[in-house]
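Please keep the sequence and the 3D view at hand while reading.

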Amino acid sequence: MTTPDDSQLVFDKDGVRLTVEDAVATVTLTNPAKRNAQSPALWRALTEAGRSLPGSVRIVVLRGEGKSFSAGLDRQAFTPEGFDGEPSFLDMARGSDADLDAVIAEYQEAFTWWRRSDLVSIAAVQGHAIGAGFQLALACDLRVVAEDVQFAMRETSLGLVPDLTGTHPLVSLVGYARALEICATGRFVHAEEAERIGLANIAVPADELDAAVRDLSAALLAAPRDAVVETKALLQGAAGRSYEDQRTAERAAQARRLRDLAGLGD
């Protein structure tokens with residue numbers, strides 16, 4: 001996957017590159033030699049990417065260089081020495097509950113901004129998307145996958161739980177029973193099943209992944225931005241509202257759109 005010549009490089013550090021071309025930003029994981037394994041430094045860079053987006057951006061595409069989207073957490077985190085300049089996970093476990101909660105909350109920030117109502121995020125996923133990689137794909141609104149994709153939630157096999165915000169979207173997409181089975185067994189979910197059960201919006205041959213993402217981005221950009229923002233907010237809140245409350249929310253949102261179209265907005 002290449003960076004378009006006419007895109008603007010915002011930053012490139014700690015395994016993350018952010019580029020912007022008009023209304024589309026691309027966040028790329030750039031450590032294919034390690035299958036884009038994740039670390040606290042990478043998570044901080046992902047958080048910075050969200051904070052660095054220009055206001056003109058409407059679509060954010062998340063990619064991974066090489067054959068794998070992301071093989072998950074770098075196992076160096078579990079060694080006594082950990083990462084250079086970082087506390088090891090073993091040291092973190094010896095801290096207080098409050099300190100450990102604060103550290104995990106900081107890590108989660110890398111996974112939360114993708115669902116902002118003013119953006120539509122698309123994960124372009126090929127090869128391995130395991131553990132933290134699976135959760136990063138789940139952090140996005142939409143997923144376009146290559147036919148060689150392999151999703152797996154392997155945290156339980158390590159005696160851990162998925163804690164990088166992946167459980168809520170997984171249950172929302174596939175339901176409680178399927179989510180439990182996927183997480184508790186750690187098995188692979190391949191492209192055909194991912195599309196069938198709702199994990200993937202589109203599954204395509206690997207050499208068509210870029211084109212499929214471009215086509216989806218163009219289709220999303222064809223609608224007026226404010227209408228997409230209002231619609232996304234309505235859909236995001238639907239699960240937490242009653243049918244009557246959702247009807248009320250629809251009316252309020254439509255009233256705002258009609259007033260804006262009539263030039264009567266604030």
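Predicted model: local features only at pLDDT ≥ 70, side-chain atom pairs only at ≥ 80, totals over all residues.

## The largest pocket

The largest pocket has a volume of about 640 Å³. Its lining is made up of 27 residues, and those nearest the centre are Leu73, Phe78, Phe89, Leu158 and Leu160. By class, 18 of the lining residues are nonpolar, three are polar and six are charged.

Two helices, H2 (89-93) and H3 (97-112), each give at least two residues to this lining. The largest share, four residues, is supplied by H2.

## The second largest pocket

About 540 Å³ is the volume of the second largest pocket. It is lined by 16 residues, of which Arg115, Asp141, Lys232, Leu235 and Gln236 are the closest to its centre. This lining divides into eight nonpolar, four polar and four charged residues.

Strand E7 (142-146), helix H5 (167-174) and helix H9 (225-238) each contribute at least two residues to the lining of the second largest pocket. H9 gives the largest share, with five residues.

## The cavity

Rolling a probe the size of a water molecule over the atoms shows where empty space is left. In this model there is one cavity of 30 Å³ or more. The space in the largest cavity comes to about 70 Å³.

The residues that line the largest cavity are Arg58, Ile59, Ser117, Asp118, Leu119, Val120, Leu220, Arg225, Val228, Val229 and Lys232. Six of the lining residues are nonpolar, one is polar and four are charged. H9 supplies the largest share of this lining, four residues. Lys232 is among the residues lining the cavity, and Lys232 is also one of the residues closest to the centre of the second largest pocket.

## Helices H9 and H10

Two packed helices are described by the angle between their axes and the distance between the axes. For H9 and helix H10 (residues 243-261), the angle is about 170° and the axes lie 11 Å apart. An angle over 145 degrees counts as roughly antiparallel, so H9 is roughly antiparallel to H10.

On the H9 side, the contact is made by Asp226, Ala227, Glu230, Leu234, Gly237 and Ala238; on the H10 side, by Gln246, Ala249, Glu250, Ala253, Arg256 and Arg257. The residues of this contact comprise five nonpolar, two polar and five charged.

Ala238, one of the H9 residues in the contact, is partly exposed, because its relative accessible area of 29% falls between the limits of 20% and 50%. Ala238 is 54 residues from Ala184 in sequence, and their C-alpha atoms are 28 Å apart in space.

## Helix H4

How many of the residues of helix H4 (residues 132-139) are buried? The count is eight of eight, and the helix is mostly covered. The buried residues in H4 are Ala132, Gly133, Phe134, Gln135, Leu136, Ala137, Leu138 and Ala139.

## Ser7

Ser7 is placed in the segment before strand E1 (8-13). Is Ser7 buried or exposed? Its relative accessible area is 16%, and the limit for buried is under 20%, so Ser7 is buried. Not counting residues up to four places away in sequence, Ser7 touches Thr19, Val20 and Glu21.

Definitions and conventions:
Residues numbered from 1 in each chain as written. Heavy atoms only, no water. Buried < 20%, exposed > 50% of the residue type's maximum accessible area, 1.4 Å probe, protein only. Contact = heavy atoms within 4.5 Å. 1 Å grid on protein atoms, 1.4 Å probe; cavity = no way out; pocket = protein on both sides within 12 Å on 5 of 7 lines; lining within 4 Å. Points joined across faces, edges and corners; volume = space filled by probe spheres on them. Nonpolar A, V, L, I, M, F, W, Y, C, P; charged D, E, K, R; others polar. Axes fitted to C-alpha atoms, helices over the stretch in contact; angles between N-to-C directions. Parallel < 35°, antiparallel > 145°, perpendicular 65-115°, else oblique.
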